[in-house]
Structures are given as C-alpha cells and as structure tokens.
Protein chains: 2
Amino acid sequence: MAKIAVLGYGTVGSGVAEVLDVNGACVEDSAGEKIEIKYILDLRDFPGDKHESQVVHDFDVILNDPEIEVVCETMGGIEPAFTFEKKALESGKSVCTSNKELVAAHGPELVELAKKNNVSYLFEASVGGGIPVLRSMNDSIRHERLDSITGILNGTTNYILTKMDQEGADFDAVLKVAQDKGYAERNPEADIEGHDACRKTAILASIMSGQFVKHDDIYTEGITKITGEDFEYARELNMAIKLLGSCKREDGKFFAMVAPFLIPFDNSLSMVNGVFNAIDVHGNMLGDVMYYGKGAGKKATASAVVADVIDIVRHKGKHIDWNLRNVPAEVAPINDDIRNFFVRCDASAETGAKELFGDVKQVKSDKVSGEFAFITPEMTEKDFKEKYEKLRGVRSYLRLL
Amino acid sequence: MAKIAVLGYGTVGSGVAEVLDVNGACVEDSAGEKIEIKYILDLRDFPGDKHESQVVHDFDVILNDPEIEVVCETMGGIEPAFTFEKKALESGKSVCTSNKELVAAHGPELVELAKKNNVSYLFEASVGGGIPVLRSMNDSIRHERLDSITGILNGTTNYILTKMDQEGADFDAVLKVAQDKGYAERNPEADIEGHDACRKTAILASIMSGQFVKHDDIYTEGITKITGEDFEYARELNMAIKLLGSCKREDGKFFAMVAPFLIPFDNSLSMVNGVFNAIDVHGNMLGDVMYYGKGAGKKATASAVVADVIDIVRHKGKHIDWNLRNVPAEVAPINDDIRNFFVRCDASAETGAKELFGDVKQVKSDKVSGEFAFITPEMTEKDFKEKYEKLRGVRSYLRLL
C-alpha cells in the first residue's frame, strides 16, 4: 500500500481522486500495490464529498507524515506550489505535477533536487494533458538524437482555428462561442497570445536539449491576427493554419518558438482538429513519431498524474532519471532561423514585393480581392523582417512549416 | 557495461548494431551504462563488416557466456527463434525481439517464462515497428480500462490503399508498383490478405485483455477485393478505406478482427497515409490516445529493439511485468458484432435490398453507374450475412467503423 497526498482539490486534483476510485484495481495491477490518498490539501472544506475526511489545511501535516511517499501537486501557479514541492522533495517524498507554469519556470531545478534526495520528480500532465509523451520520450526514445519537436499544444487555440477554418467564422465570433462553451477562459490571453503553448514548448525544449530552456527565451506569437482570408489562401495552398510550439536543432543551433504556421495537408499535424493536441518528435533513427490525444480535461489530465504516481511507486527508493540539467540552454536568436513566409499586401504593392523579395510565388483566392499574396523564397527571419518593413501596403504574414 | 547478443544479422539485426554504433552516447545516457554487442549469431560470415569479429555460428557460445545479459532475437519465424528465446530466458538472460510471428504465437508463454526466471521479455518492435506503443501501454496507461484498440498495422497495405485512393489506380497496378519499390514482397500474401496485421492485432488484443488471444481466433479479411469504385463511394461519404486491426470490449464481450473499414474523415486514423502506421487506444479516463509513426523500416524497427535493451538494462535483476497471462482469452464470435455495412449491388436489386435491409441510406457517385449502393442500419454480422446472401445481384460490401 502506497500512501499519497494531493495538493489542491480543484479540477485536476479531484480528477486524481476519481481515477484512483474508479480504476483502483487497474491502478493496483499497474503499480504492484494499492495506492491510497491519505491527505488532500485545500483551503476549502468539502462537506459531503467522498474524500471529505482526507482534507487538511496545513501542508506540514503532509510533510511530517513519513507514510506519505508521493505528493501530487495539482494546485497550479508558482507559489505556494513551488515551496511545497521543494519541501516535499527535500523531505524525501517524490513529487508529480500537472503544473506547467511551475515546471516551465523551475523544472530542471526540481529534477536536480529530486536526484539529490534520491526521489523522483515527474510532470507528464504538464504537456499535452493526457498524452503520454514525456515518459515515452524519457523511456522509449531517449537514445534517439532528436532533430525536432513540433506540437499543437493548446486545445483552446486549436479549437478556435478549427472553427474559423470549418465555418468561415471570424476570430472574435469563434472566441465568444468557445468562451460560452467553456473551452476558452473569460480572460483568454494566456491561450490566444500563445503563453500557454510557450510554457509547454519550454518544457519540451528543455527535455530535448537536456538543459533549461527559459520560456522568456522563446519567441512567441498568438493567433489574434489570423483572419478568415488567411484560411481562404491556406485552402488554395493545401495547407492548414495551426499554432505550433516548435524546437529544432539546425546547423548546430537550437531554435525554439511559438507561432501560427501554415502546414501542408500531407503533414499529419495539419489534421489535428478541435481541442486535440499532438506532438511530433523526429529522431535520427526513428524518423517521425507522433503522439495524439486530449490536451486537457479533468479525467485525461488526472490519468497522466496517476501514471506518474504509478511510475514512482514502481521505482520506490530510486530516482527516475531525466537527461535535464539546471544550466541555461543557449537558444539561437529567431533572426537566424530560415524558412518561407506567406505575405499579404495591397494589390498596388505587387511590383514592390517582387523587387524586394525576388522570386516570389503568387497565391490567389477567388474569395479575396484587392490584394497581392505570395510566398517568399527561403530566407532568414532577419532578412524577412527588414524587407517586410520596407514593403508599402503590407497587411499580414504567416510562416510556413 | 552491459553485453548483449544479437540473433540474426539481417535487416533488423544489422539495424540494431547501427543504432548502437551511431547513437552510442545517447544509448549510454539512457541506459545508465554502455551497451556493447559481444556476439552476433548468423549462419553466414560477414567478411569486411565492422562487426565481423563478433559473428558466431553456434548459439551455445552465447547461452554459455554468463556476461551476456540480453539477447535480441531479430531472426524472425518460429523456429529456431522460439527454442533460442526459451533457452536464453531459462538461463537467466532477458530477451527482446522484433519477431511478431513468434510473439503472436507464444508471447504469453515467454512472458511467464521470463517472470519465472526473474528476467524480462520485451517485444516493442513486434507491433508498429518504431512506434513506442507497447511500452507506453504497459507503463503509462496500464491503469486505464481500455475499451478499444484500433490500428493501421501494416504499411504495405496502407501504401496500396493510399495510392489507390490518390491516383484512382486499381489494386493490381498499385501492388506491382509497391513490389517494384520494395514496399511489398514478391509473395505479398501475408500483407494483402491481412495475416501480418492479424499477428499484430493478436499481440495488442492479448495485452488489452491480459490473456492469450490466438491469431487463429481473429477473423481476418484482406484488401484484395477493394476496387477504385469503392473509393469513389468513400469520397462521397467523406470516408477513407483502411485495413484495420481492431479489438474492443462491448457488452462484456471481447471482439477482435482484421478487415478493411470505411472510416469517417473526422477520425484521425483516416488521415494516416502511405507506409505509416497508427494505433488508437481508448481508455475510460483518458479518451483517445493515438500513436503514429513508421511501422517498418530497418532503423525505426531497430531503434525500438534498442529501447527494449535499454529498458532491460535499467531494470537489471528485475522482471519487467506485463499484465498478460498464458491462459486462452475468450474471443466473442464475429457474428455477435454490431455495426453498419456498406453494400453495392446491381441497380435491379434496389427493391430487394430495401425489402431485406429495411431503412437503408443510398450512396450515390457520379463515377459509378448501374449499381445500387447503400448503408444498412446497425445490425449484427450474423444478421447481415444472412441477408447479404439472400440478396440477388450483390457485388461487394465493406464495414463502417
């Protein structure tokens, strides 16, 4: 019997209790022993709740109980979660968490602290919700030299982009529907400006590089400037528009960014629709492997937290190792990154565009008039931005994957 | 330093050597120690090969060397692979293999033998080539109650179906091109009749049910009867045609089968094209998770074998447990399975079809004439077959996922 504590009885925390209640027998089979919640830390009481009697308000009760082997931190936010996790690890308890904000900010430090105390720090649920991608990266493909990781990491923005594409609706209208349905927050900034995807990209980039990639070092653009016309052009190009978190190794440099991209239909990521997430990992021997599933949701996310608990229980007394050191990774400036760009400008700017960008490929759509739209040759971001700023009558641009 | 032996220096076996050579540092990081090939068993010599000096012709050299901790069986076929694997396990050596034929025939027995000898038996590469699905099922989602597993498990047939769809070409022509390109064997029966997909389905079904699902108990249909007209209708239905291996739990029964299916475009499996494989697993808490990647190929498959070696080295002295007992699983007769069917018959059979099948939904294509095509209401396979046999002028049928 392994006894655990859950910090925070909100959506994910109560989901962890539900997974353990409903799938108790399967959990026991997988872990090799029963797993029981002894404490739930929350500021609130939950009168009438099945787990009412486990609720405590003082973290020290958990910290000072030597029976507690694993602490599941499902509170979210940096503090007090960070302090609680550190104290738990220092007192010889393993920690698993769904807290992407904290993992992005302090993950490598917490992994090292776990190692020092011969316990484990796992965070499967912090990226891709229920998708079992992080453990697979650590257990099944860690011997691959990874060239790139490219992911649709935020369900809210993917839902919005999918609806804009399928219904020809504009951004604001779709956002409102998403908010009414509960797919988007009332304050949607973290999603639509790409901050949430950036956190998850930082976690993936750190695991890929083996060093700490700070989210502040990741160039991030959201989806608020995407319009219905962009999708008209995308269809002409046989491409989808998706918000991607991307990291890649190219010419000895390590790049990481978050931005909306045009993706060819023959790339599987282009087919990931609605609230689903997917992460494509490219290894030097393996080629592409893609993991797909629900990127959020109470039960799916909680199931990933429980998977971490089980992994820890299976490896009792042993540190589960990550290739992740708490030293800053060198992220190459986005200006050095090379790709094609899709540009829309006034029809009158056609000559100027051709003079500036050289051999461009025009893109036409019956549904859009008064514009000249084109794809640039491959060029650096720096070169592109300089030319884009010089071009008169520019309207918008998108990157091509 | 862990020393291993590779049995069979063919495509996969030489790939294992290549992965260990090229990715040696990553392998060492992942395993926690260096991994070295001490012996390669093959009937042939390989003069001039980098690993020439490791080649031996007598399995007993490997068996009697206490330094060998892991045996990678990459020979294929039942014998002598089965005897070699048993002897290795009995002498306290762990075994990993890409041999789907053997795993499908004797996997549960070999898992039990490994357990008895406190060593491990792993077979990631036997399903989906390089896709890390089996370890993920055992490590990350074993605590889920799985409702279904549905997979595109054979790259050759998926390549053929994709080409038929995209190019409007007929089966025989595409098969010939696939053979010329080396995507299909000169004797393609194992692929096109579904036998290979059946082996992989048997392995997945065994892991899902926790018991031995024999491939002989899995109803299997191949793709040889699919025509260009079927794809015309499929497009009208917004569906793809894919050869699926499927197992599911429904009404307390466990079903397993291999057959070509019509799959709606909004199901991600419909988008898996060419030689790629994908496996969708549905858990009670997690919902759908899909794993996608190269289902075959030297380096991808070898990478999965190396992942197994690493897992074994990480868990030295410990049996890696599967929820898989060597007792026969009860597979429900396909006759009890319920679904919709797509039927094509002569135009003159319309009245008869409506009388027999009741409320059918007609499917029309501009490109096909002289036919009446329709989708039946949901019905059991038994009911369907009885009616289909009674209908005059029937041409073909397909199942709907």
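A residue is described as buried if 20 or more other C-beta atoms lie within 10 Å of its own, as exposed if 12 or fewer do, and as partly exposed in between, the C-beta atoms being placed from the backbone. The structure is a predicted model, in which local features need pLDDT of at least 70 and side-chain atom pairs count only at pLDDT 80 or more, while totals for chains, interfaces and linings use all residues. Residues are numbered from 1 along each chain as its sequence is written, and chains are lettered from A and ligands numbered from 1 in the order in which they are written.

Chain A contains 14 helices and 18 strands. Helices (H or I, at least four residues) and strands (E, at least two) are DSSP runs, numbered from the N terminus. Of the 401 residues in chain A, 53% are buried. The C-alpha atoms of this chain fill a box of roughly 75 × 45 × 35 Å along the principal axes. A compact globule with 401 residues would have a radius of gyration near 21 Å, and the 23 Å of chain A agrees with this. The radius is taken over C-alpha atoms, and the globule rule is 2.2 Å times the number of residues to the power 0.38. Two residues are in contact if their C-beta atoms, placed from the backbone, lie within 7 Å. Among the contacts in chain A with a separation of 6 or more, 74% are between residues 24 or more positions apart.

Strand pairing was examined next; two strands pair if DSSP finds at least two bridges between them. Chain A has an open sheet of six strands in the order S3-S2-S1-S4-S5-S6, with parallel pairing. Strand S3 (55-56) and strand S6 (121-122) of chain A each have a single partner strand and stand at the edges, so one side of each is left without a neighbour in the sheet. Within chain A, strand S1 (residues 2-7) and strand S2 (residues 35-41) pair in the parallel sense over six bridges. Here A:Ala5 stands opposite A:Tyr39 in S2(A).

In helix H11 (residues 228-236) of chain A, the buried residues are A:Asp230, A:Phe231, A:Tyr233 and A:Ala234. They cover an arc of only 160° around the axis, which puts them on the same side of H11(A); the arc is that of the directions from the helix axis to the C-beta atoms. The buried residues of H11(A) pack against several elements of chain A, including helix H7 (155-167), strand S9 (239-250) and strand S10 (253-264). Just after H11(A), A:Asn238 takes a positive phi of about 55°.

A further helix was examined in chain B. The buried residues of helix H2 (residues 24-31) of chain B are B:Cys26, B:Val27, B:Ser30 and B:Ala31. Viewed down the axis of H2(B), these residues fall within an arc of 125°, so they line one face of the helix. Their packing partners in chain B are strand S1 (2-7), helix H1 (11-22), strand S2 (35-41) and helix H12 (298-314). Just after H2(B), B:Gly32 takes a positive phi of about 85°.

The contact between the chains takes 40 residues from chain A and 41 residues from chain B. On the side of chain A that touches chain B, helix H2 (24-31), helix H6 (133-139), strand S12 (287-294) and helix H12 (298-314) of chain A each supply at least two residues. By class, this side has 18 nonpolar, 12 polar and 10 charged residues. Ala, Val, Leu, Ile, Met, Phe, Trp, Tyr, Cys and Pro count as nonpolar, Asp, Glu, Lys and Arg as charged, and the others, Gly among them, as polar. S12(A) and strand S12 (residues 287-294) of chain B run antiparallel and are joined by five bridges. In S12(B), B:Tyr292 is the bridge partner of A:Met290.

Most residues other than glycine have a negative phi, and most peptide bonds are trans. A cis peptide bond joins A:Glu79 and A:Pro80, with omega about 10°, and A:Pro80 is found in the loop between strand S4 (68-73) and helix H4 (81-90) of chain A. In chain B, a cis peptide bond joins B:Glu79 and B:Pro80, with omega about 5°. B:Asn118 is not a glycine, yet has a positive phi of about 55°. B:Asn118 is found in the loop between helix H5 (100-116) and strand S6 (121-122) of chain B, and is exposed, with 11 other C-beta atoms within 10 Å.
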